[in-house]
There are 2 protein chains.
Amino acid sequence: MAVLVQKYGGTSVGSIDKIKNIARRVIADKEKGNDMVIVVSAMGKSTDKLVEMAKAISENPCNREMDMLLSTGEQITISLLSMALKEYGYDSISLTGFQAGIITEGDHTKNRIAEIEIENIKNHLKNGKIVVVAGFQGINENGDITTLGRGGSDTTAVALAARLKCQCEIYTDVDGIYSVDPRVFPEAKKLEVVSYEEMMEMASLGAGVMETRAVEIGFKYKVPIYVALNTGEVIGTYIKEHEKVMEEKVITGLAATEDVLMITINNVEYNSKNIALIFKKLAKYNVNIDMISQTAPFNGVVNVSFTASKNDIFAIDKVVKKLKNELKNIEVSKDSNISKISVVGIGMMNQSGVAGKVFKIFSDNNIEFKQVTTSEISISYTIDAEDKIKAITVLAKELDL
Amino acid sequence: MAVLVQKYGGTSVGSIDKIKNIARRVIADKEKGNDMVIVVSAMGKSTDKLVEMAKAISENPCNREMDMLLSTGEQITISLLSMALKEYGYDSISLTGFQAGIITEGDHTKNRIAEIEIENIKNHLKNGKIVVVAGFQGINENGDITTLGRGGSDTTAVALAARLKCQCEIYTDVDGIYSVDPRVFPEAKKLEVVSYEEMMEMASLGAGVMETRAVEIGFKYKVPIYVALNTGEVIGTYIKEHEKVMEEKVITGLAATEDVLMITINNVEYNSKNIALIFKKLAKYNVNIDMISQTAPFNGVVNVSFTASKNDIFAIDKVVKKLKNELKNIEVSKDSNISKISVVGIGMMNQSGVAGKVFKIFSDNNIEFKQVTTSEISISYTIDAEDKIKAITVLAKELDL
């Protein structure tokens, strides 16, 4: 029998009735002859309630204890879904992260999966059970319960599919992957298929459907991923290998992020050690840097801009304070009224002219950009937050997305 | 440093403010030079909410999944209490049942503690941490999360104190152990000290302050137990070895239970195999039998009465159905409008006349009893539920409780 991993997010399991619906959907797929492994998130807004309780105790609660607290959310869902499956007459077993053999490493609240001891799940499948696994969590080598941070349940699902060598279906509250966020540009086209590379760019750029890390694991282990609406009634989007995506378009998608903080450090004495120092310190405080741009040195100094999540503002402030002690002349400015717009397409690798086209569209529409960075298959711009909707609309129209 | 185990029940940790209060109390005892191990229950009525969700899925949810579900309640409390302790500047670590090394065996939802691998807790104490342990839960040899059933958190606390060879303090919403339930007989006297044996009788007879099993472990390992109000402001009751209880009274206490179902099986062909069959079948369905009385055989048949919890009514119905196939002539009657009254006192072992005294009190007050059983240190009666208050009041007065 083929194994199939399915993941249902928080909205999909947000109530008892929804959990019963998911149970029926899982059973239908089991009846088609699949060995089912189901990964679920915490019910609806239950994680928010737990966070609220923690915040009522401490502004900055201990991360180990946060993991202990938040992991209960998924544990509740797995037990209820497993009960529902049994109620419908199907043998099932729920497994927490540690029971599913998900070994993690790294900092609490943002652990990474180090390995999965898959034998337990395989044995339960062999015994005909539907295996229900708590997403987002694992256990570290000290025996502490850990969580995987943002996109953790997707990561759990894709990692399990990688170890089980099977397809991974991600069911969510959007009906697939669009070239542009349809909430911003309603005429956006849904993609039938997208390559891992494009999806990683789009995900890390805030397309919001899936987190990059889950797609990265899919890419690394060649796990076919299918993203679709949790009702199962609408055809979604496949994420697969680039080679298997026929007739690729030059530009596949457009992504926008709002939760962006842009920091510019001016007047850094030019010296590779100084630049390294900046990013070493940021890494030490676990600040996740997104865009980095540095201009060429002029008069012995360089300017560096980078973007990060607004959540990291306190950590960044600490780093800046320390940096000012070591790099005496620097001047630091912060801008939080920023959006990031990215144009993504694997076809960019082979076709030139995309950057020029985008610069012209911006210029024709009086959109000013502050920072530009490029990768093999994407170009990203930071712009004033108030220009975001305009930028998305004109780019989507002009680039036929 | 002396180790001290404290247990706080659901009402004591029923809100964030209450958890903060408990943290301050724990810190005060830590400051007195104790190594602290704190066992907590789920917050307030949170377990009821979880049960409600399960019942919305299945009338008879899978017990393994119930354990998975219910164990999240304590996990939430331990993380929040540990956060609060850290917020006040005290190093702390929360441990679930499996992390605390609590290995259990038996049926899901009513597991027993098989052993405690105490090294992890000892190491954390050695490192100066306040250890916060989830009560009521453990892990079995299959790696399944288990719960200990009623009184589980008390059991966890006393068992930990047994392994740590220290005193166990049980903080609850009553201010100690009374000779009679003060809600029923307001003039009841609080006991300063009570022996394990008396407490076991009283607990199993429904005194409600502590479950028998926790006291049993205390008895077996000679753990001094102190039961007191969770504010810590009122002197509570010590439970300790019989030899250490000076000047014992003949009768220490009176206990009453309402949740009683009395079953009478008449016309059982006299034959020890038949009686054994009845109780074997009941055990197979996990029906917990309390009182058993059997009269001497007459005309080749005997009558057997027993009491059980009303919760077991469905299981009992199933057993009765099966029994009727095998023991053709039996007649079964059920009475659920029953209270059980027990008079307990370790002094009964050495003094006679208590039974006679109680029979006389009942007779003088026109209280009819249906069933009588005795142990070394107690006499129990089943009576009509409507006579309960009257029976308690007259017994308490006449026996000076």
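Student: Which residues does E201(B) touch, not counting residues up to four places away in sequence?

Tutor: This is a predicted model, in which local features need pLDDT of at least 70 and side-chain atom pairs count only at pLDDT 80 or more, while totals for chains, interfaces and linings use all residues. Residues are numbered from 1 along each chain as its sequence is written, chains are lettered from A and ligands numbered from 1 in the order in which they are written, and side-chain values use heavy atoms, with hydrogens and water left out.

Leaving aside residues up to four places away in sequence, E201(B) touches V344(B), S375(B), I377(B) and S378(B); contact means heavy atoms within 4.5 Å. E201(B) lies in helix α6 of chain B, residues 196-204. Helices here are DSSP runs of H or I, at least four residues, and strands are runs of E, at least two, numbered from the N terminus. E201(B) has a relative accessible area of 16%, so it counts as buried (buried is under 20%, exposed over 50%, partly exposed in between, with a 1.4 Å probe and protein chains only). From E201(B) to E211(B) is 10 residues in sequence and 10.0 Å in space, C-alpha to C-alpha.

Another buried residue of chain B is S153(B), with a relative accessible area of 7%. S153(B) belongs to helix α5, residues 152-164. With residues up to four places away in sequence again left out, its contacts are K7(B), V39(B), V40(B), S41(B), G135(B) and F136(B).

Helix α8 of chain B, residues 272-284, has 13 residues and reaches 18 Å from its first C-alpha to its last, close to the 18 Å expected at 1.5 Å a residue; the expected span is 1.5 Å times one less than the number of residues. The buried residues of α8(B) include N274(B), I275(B) and F279(B). Among the elements of chain B that cover the buried residues of α8(B) are strands β13 (253-269), β14 (289-294) and β15 (301-309), together with helix α9 (313-326). After α8(B) comes N286(B), whose phi is positive, near 60 degrees.

Chain B also meets chain A, with 40 residues from each chain in the contact.
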